[in-house]
Amino acid sequence: MKVPVPHYRCPLDRSSSREDPETIKRQGWRDQHILVVSEEDKRLDFVEREFVRRLGERLYGGKRHD
């Protein structure tokens, strides 16, 4: 007997439209001073990318190789 798998929706996904990730990051910085940046962001120069990488490793540890 096949039992149908219920489709649960995440309560965080109640909106019908998707905001641009850059808009969300910008709003997070302006409203809550939370910075979300990738060490591979092409807008950063080498020194800035290296700083982001080192900061991330210091706060959260090195990259995992699973």
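This is a predicted model: local features need pLDDT of at least 70, side-chain atom pairs count only at pLDDT 80 or more; totals for chains, interfaces and linings use all residues.
Biologist: On to salt bridges. How should I read one?

Modeller: The general idea is that side chains of opposite charge can pair when their charged atoms come close. Here, a search of the whole structure turns up six salt bridges. One of them joins Glu-22 to Lys-25, with 2.9 Å between the closest N and O atoms.

Biologist: Where do Glu-22 and Lys-25 sit relative to each other in helix H1?

Modeller: They are about one helical turn apart, because three residues separate them along H1. Glu-22 is partly exposed, since its relative accessibility is 27%. Lys-25 also has a relative accessible area of 27%, so it counts as partly exposed.

Biologist: Which residue forms a salt bridge with Asp-41?

Modeller: That's Arg-43, and the closest N and O atoms are 2.7 Å apart.

Biologist: Which residues are linked with Asp-41 in a network of salt bridges?

Modeller: Glu-22, Lys-25 and Arg-43 join Asp-41 in that network. So the Glu-22 and Lys-25 pair from helix H1 belongs to a network together with Asp-41 and Arg-43.

Biologist: What about helix H2? Which side chains meet in a salt bridge at 3.0 Å?

Modeller: Arg-53 and Glu-57 do, with that distance taken from N to O. Both residues lie in H2, four residues apart, or about one turn of the helix. Arg-53 is partly exposed at 23% relative accessibility, and Glu-57 is partly exposed at 33%.

Biologist: Now the pockets. How much space lies in the largest pocket, and what lines it?

Modeller: The largest pocket holds about 410 Å³. Its lining has 17 residues, and those nearest the centre are Val-37, Val-52, Leu-55, Gly-56 and Tyr-60. By type, the lining splits into eight nonpolar, four polar and five charged residues.

Biologist: And the second largest pocket? Which residues line it?

Modeller: Its space is about 180 Å³. The lining includes Glu-22, Lys-25, Asp-41 and Arg-43, the residues of the salt-bridge network. Trp-29, Leu-35 and Val-37 are also among the lining residues. The lining divides into five nonpolar, no polar and five charged residues.

Biologist: Last one. Which residues form a nonpolar patch on the surface?

Modeller: Phe-51, Leu-55, Leu-59 and Tyr-60 do, with about 500 Å² of accessible area together. Leu-55 is in helix H2 and is partly exposed, because its relative accessibility is 33%. Leu-55 and Tyr-60 also turn up among the residues nearest the centre of the largest pocket.

Key
Residues are numbered from 1 along each chain as its sequence is written. Side-chain values use heavy atoms; hydrogens and water are left out. On a 1 Å grid over the protein atoms alone, a cavity is a set of points where a 1.4 Å probe fits but cannot get out, and a pocket is an open set with protein on both sides within 12 Å along at least five of seven lines; lining residues have an atom within 4 Å of a point. Grid points are joined across faces, edges and corners, and a volume is the space filled by probe spheres set on the points. Ala, Val, Leu, Ile, Met, Phe, Trp, Tyr, Cys and Pro count as nonpolar, Asp, Glu, Lys and Arg as charged, and the others, Gly among them, as polar. Patches are made of residues with over 30% relative accessible area and no salt bridge: like charges are joined within 9 Å, nonpolar side chains (Val, Leu, Ile, Met, Phe, Trp, Tyr) within 5 Å. Accessible areas come from the Shrake-Rupley method with a 1.4 Å probe; for residues, only the protein chains shown count as cover. A salt bridge is a side-chain nitrogen of Lys or Arg within 4 Å of a carboxyl oxygen of Asp or Glu. Helices (H or I, at least four residues) and strands (E, at least two) are DSSP runs, numbered from the N terminus. Buried means under 20% relative accessible area, exposed over 50%, partly exposed in between (1.4 Å probe, protein chains only).
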